[in-house]
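Dear colleague,

I am handing over the structure below, together with notes on what was found in it. Please keep it open beside you while you read, as the notes go from one part to another.

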Amino acid sequence: MDKRVQEFMETVKVRNSHEPEFLQAVQEVAETVIPYIYEHDIYAGKNILSRIVEPERLISFRVCWVDDDGVIQINRGYRVQMNSAIGPYKGGLRFHPTVNQSVLKFLAFEQVFKNSLTTLPMGGGKGGSDFDPKGKSDDEIMRFCHAFMSELFRHIGHDTDVPAGDIGVGAREVGYLFGMYKKLRNEFTGVLTGKGLSWGGSQIRPEATGYGAVYFADSMLKRKGDEIKNKIILISGSGNVAEYAAEKCIQLGGKVVTMSDSSGYIYDKDGINQEKLDFIKDLKNVKRGRISEYVKEYPSAVFHQGKTPWSEKCDMAFPCATQNELHKEDAETLVKNGCICVTEGANMPSTIEAVTVFHKAKILFAPGKASNAGGVATSGLEMTQNALRYKWTRMEVDEKLKDIMKDIHASCEQYGAEDDGFVNYVKGANIAGFVKVADAMLAQGVI
Ligand code: NDP
């Protein structure tokens, strides 16, 4: 590791020693951004990166609610308001038992760079709770969301901080959260994105992260004169991002052979077509079932319990479940099996060692902060429509999303292209995201 990066990381480790995910995210950025800072005098002596790694505000609060048996439950809620140099804090809420300060700080830190890349005026934030929605009744979900918002409402607002969904927070949860915010504030504003279409939501928002990731992969392939058509594709996850990444791959003629959840993955040698994908959407979003049930409906498919899909042969991979789900050995297997393109739908699904394997093999690799930025970009479009009190059509929003993903790809190329023509998309995304935030921080002075 570069000595300057090492020294910087030592100082970050002292302050955040029990936050491994956060340190991982910071290191990945520091490795590419610190050399750039040293090459550009305007940043000298300004401690910009040291300021960016410190959240502007971190709120932690108690959430008490009563379950269906009348028992009082206690969870912990958080909002990390990381950086507001270029706009109001913006980033999702995650409800999952693994949520803690480290996970949310890593996500909020990534969000700062991602939001900057979208070209829209949005700062970075993230929040959530260690609440586990699995197995809870609809009434319990509603009571928890209302209790969570009864504290969060005082810290957010359409010009301050605009949360959205993430793992465990979909349309249903956004509805309950929005309802309580509206009641407490007595105002109907675009304080959350991912809202229902009839009450302020945007067309294409549910699809945007998955579709956007595939648009980004398409741009990477096109640059090499290639296309998604006829490619064998592995997808992990079966939530929002995975479902719509699969849908767009299918529409573009790709053959998706795997999807997964935290219990394992299904392999369908015949490919998951739109009809089969509709079954998965209904299974996961309406019936709230498990991916293993796919093989009962489609017996030619196989379920692999407790495993991730990376050992299957493929041309392309889209990790769309969660952080650190793709390790060094998985990356080596993917490369050995001929995979030419890995596009992150999830946030930081590949470990640092896995990314090194992809870079050494010089295959196409897109980091989540670039390739999954379509979700927050469309949230930005939802905020614009709310402010205008106007609605764009599905086609208008999809066209804007495509343009934004093309622009992000171009920014990554601008800062990440190497002499031999290879594009290091990690370097490109980190530097492009950094420059805009850093320049705004310089302009605003030491605050
Ligand atoms: P969902 O809750 O809709 O789906 C998450 C999926 O990942 C589910 O299939 C879930 O399985 C699986 N999963 C979650 N945790 C684990 C785990 N520890 N191990 C294995 N599988 C797991 O979430 P999203 O699709 O919204 O989010 C997925 C990823 O994409 C996250 O990293 C998120 O931060 C990122 N992202 C999401 C955006 C969005 O717009 N929604 C925007 C940008 C990034 P199970 O059902 O068993 O829990």
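**Gln323 and its surroundings**

The side chain of Gln323 makes a polar contact of 2.9 Å with the side chain of Arg94, where a polar contact is a pair of N or O atoms within 3.5 Å, of which, within protein, one must be able to donate a hydrogen and the other to accept it, and residues adjacent in sequence count only if both atoms are side-chain atoms. Before going further, please note that this is a predicted model, in which local features need pLDDT of at least 70 and side-chain atom pairs count only at pLDDT 80 or more, while totals for chains, interfaces and linings use all residues. Residues are numbered from 1 along each chain as its sequence is written, and side-chain values use heavy atoms, with hydrogens and water left out.

A second polar contact, of 3.1 Å, joins the side chain of Gln323 to that of Thr322. Gln323 is placed in the loop between strand S10 (316-319) and helix H11 (328-336); helices (H or I, at least four residues) and strands (E, at least two) are DSSP runs, numbered from the N terminus. Gln323 counts as buried because its relative accessibility is 12%, and the cut-offs are under 20% relative accessible area for buried, over 50% for exposed, and in between for partly exposed (1.4 Å probe, protein chains only). Leaving aside residues up to four places away in sequence, Gln323 touches Arg94, Val103, Phe106, Asn347, Met348 and Pro349, contact meaning heavy atoms within 4.5 Å.

The domain assignment of the protein chain gives domain 1 (57-188) and domain 2 (208-371), with bounds that come from an automatic or database domain assignment. The centres of the two domains, taken over C-alpha atoms, are separated by 27 Å, and 13 residues of domain 1 are in contact with 11 residues of domain 2.

How much area do domain 1 and domain 2 bury between them? The value is about 980 Å², with 50% of it on carbon and sulfur atoms; buried area is the accessible area (1.4 Å probe) that two parts lose on being put together, summed over both. Of the area that domain 1 buries against domain 2, Phe106, Glu110 and Lys114 supply 44%, more than any other three residues.

Across this interface the rule finds one salt bridge, a salt bridge being a side-chain nitrogen of Lys or Arg within 4 Å of a carboxyl oxygen of Asp or Glu. The rule for polar contacts finds three residue pairs across the interface of domain 1 and domain 2, both residues at pLDDT 80 or more. Helix H4 (residues 101-117) gives the most to the side of domain 1 that touches domain 2, with seven residues. By class, that side of domain 1 has six nonpolar, no polar and seven charged residues, where Ala, Val, Leu, Ile, Met, Phe, Trp, Tyr, Cys and Pro count as nonpolar, Asp, Glu, Lys and Arg as charged, and the others, Gly among them, as polar.

**Salt bridges**

By the rule given above, the count comes to 28 salt bridges. The side chains of Lys369 and Glu110 meet in one of them, at 3.4 Å from N to O, and Glu28, Glu110 and Lys369 are linked in a network of salt bridges.

Arg172 forms a salt bridge with Asp138, with the closest N and O atoms 3.2 Å apart. Arg172 lies in helix H6 (residues 171-185) and Asp138 in helix H5 (residues 138-152), so this pair ties together parts that are 34 residues apart in sequence.

Asp218 and Lys222, by contrast, both lie in helix H7, four residues apart, which is about one turn of the helix, and the closest N and O atoms of their salt bridge are 2.7 Å apart. Asp218 is buried, with a relative accessible area of 15%, whereas Lys222 counts as exposed at 54%.

**Arg205 and Glu382**

Arg205 has its place in helix H7 (residues 205-223) and counts as buried at 14% relative accessibility. Glu382 lies in helix H14 (residues 374-388) and is also buried, at 0% relative accessibility. Not counting residues up to four places away in sequence, Arg205 touches Glu382, Gly194 and Gly375, among others.

With kind regards
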